[in-house]
Amino acid sequence: MQHAFSLQQRLAARADPATNSTIPVCTARPSNSRGLTALPCRQAQAFRTAAAESNGAGPAVPYDTLETLQCNLSTFPNCDFFRVEAIFRPWRLDHVVAALSKQGIMGMTASHVTGHGVQGGAKERYSGTEYGIASLVQKSRLDIVVHRDQVNKVVQIVASTAHTGEIGDGKIFVHPVVEVIRIRTGEHGQAAERMEGGMADLGIAPQE
């Protein structure tokens with residue numbers, strides 16, 4: 001409750017733009033079944049907005065920064081394969097796939113998803129519709145399983161190609177993969193992960 005109290009103090013200092021008055025600190029209210037104190041709707045909205053102020057609201061980075069991104073894989077020193085999961089604007093999907101294919105990244109799975117992030121409390125526009133904090137917006141999701149040496153290259157390509165500099169560009173997650181098995185042949189490991197026409201065939205050196 002000490003943490004909740006400090007958050008309420010922060011909310012009390014915020015001005016309500018609708019009334020130009022200060023939002024009052026939440027008084028004691030009955031707890032729900034999990035022991036959490038419910039907040040009034042107006043104060044709950046203010047809480048979400050306050051939390052959003054430092055979440056993704058910073059300035060956009062330049063392309064050359066994205067093209068030199070380095071992933072920290074040291075937590076999994078013995079893991080040979082990783083899954084790069086990227087969620088970004090759907091109209092960037094063809095561009096990202098083309099950029100990956102050009103660099104010999106052949107194996108990938110694309111899907112259409114809906115969701116939202118806090119996005120700094122700002123609204124995003126897509127197909128003429130404005131989406132706020134509580135709205136679900138259409139995104140594309142791309143999953144790519146690659147060898148450890150290729151993770152940085154894939155992340156750099158996806159980040160720089162999907163980047164627009166506007167809120168809602170998306171996120172990239174990197175997950176460890178224990179094993180890769182090709183169903184038809186029963187191959188596993190690097191033999192199963194390798195794709196004909198991939199980076200090795202194109203003579204593109206992997207990154208350390």
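**S135 and its neighbours**

I started with S135, which touches G115 and H116 once residues up to four places away in sequence are left out; contact here means heavy atoms within 4.5 Å. S135 sits in the loop between β6 (129-131) and β7. Helices (H or I, at least four residues) and strands (E, at least two) are DSSP runs, numbered from the N terminus. Buried or exposed, or in between? S135 comes out as partly exposed at 27% relative accessibility. The cut-offs are under 20% relative accessible area for buried, over 50% for exposed and partly exposed in between, with a 1.4 Å probe and protein chains only. I also noted G117: S135 and G117 are 18 residues apart in sequence, and their C-alpha atoms are 9.3 Å apart.

**What I am looking at**

This is a predicted model, where local features need pLDDT of at least 70 and side-chain atom pairs count only at pLDDT 80 or more, while totals for chains, interfaces and linings use all residues. Residues are numbered from 1 along each chain as its sequence is written, and side-chain values use heavy atoms, with hydrogens and water left out.

**The whole chain**

I counted out the elements: the chain has seven helices and eight strands. Of its 208 residues, 32% count as buried. For contacts in the chain with a separation of 6 or more, 72% come from residues 24 or more positions apart.

**Strand β7**

Next I looked up V137, which is in strand β7. V137 is buried, with a relative accessible area of 2%.

Which residues does H147 contact, leaving aside neighbours within four places in sequence? I found D80, F81, Q190 and E193.

**Helix α4 against helix α5**

I then checked how α4 (residues 93-102) meets α5 (residues 151-162): their axes come within 9 Å and cross at roughly 145 degrees. The axes are lines fitted to C-alpha atoms, for helices over the stretch in contact, and the angles run from 0 to 180 degrees between N-to-C directions. From α4 the contact uses H95, V96, A99 and L100, and from α5 it uses V154, I157, V158, T161 and A162. By class that is seven nonpolar, two polar and no charged residues. In this scheme Ala, Val, Leu, Ile, Met, Phe, Trp, Tyr, Cys and Pro are nonpolar, Asp, Glu, Lys and Arg are charged, and the others, Gly among them, are polar.

A reminder to myself: an α-helix has 3.6 residues a turn, so residues three or four places apart point the same way.

**More on α5**

How many of the twelve residues of α5 are buried? Eleven of them are, which leaves the helix mostly covered. The buried set includes V151, N152, Q156 and S160. The buried residues of α5 pack against α3 (63-66), β3 (81-88), α4, β7 (137-147) and β8 (170-177). End to end, α5 reaches 16 Å from its first C-alpha to its last, close to the 16 Å expected at 1.5 Å a residue; the expected span is 1.5 Å times one less than the number of residues.

D169 is in the loop between α5 and β8. At 15% relative accessibility, D169 counts as buried. What does the side chain of D169 make a polar contact with? It pairs with the side chain of R89, at 2.9 Å. A polar contact is a pair of N or O atoms within 3.5 Å; within protein, one must be able to donate a hydrogen and the other to accept it, and residues adjacent in sequence count only if both atoms are side-chain atoms. I also see the backbone nitrogen of G165 2.9 Å from a polar atom of the D169 side chain. Not counting residues up to four places away in sequence, D169 touches I87, F88, R89, A162, H163 and T164.

L73 is in the loop between α3 and β3. L73 is buried, with a relative accessible area of 14%. Beyond four places in sequence, L73 touches F82, R148, V151 and V174. L73 and H175 are 102 residues apart in sequence, yet 9.5 Å apart in space, C-alpha to C-alpha.

Last entry: A191 is in helix α6 (residues 190-193). A191 is partly exposed, at 40% relative accessible area. Its C-alpha is 8.6 Å from that of I181, ten residues away along the chain.
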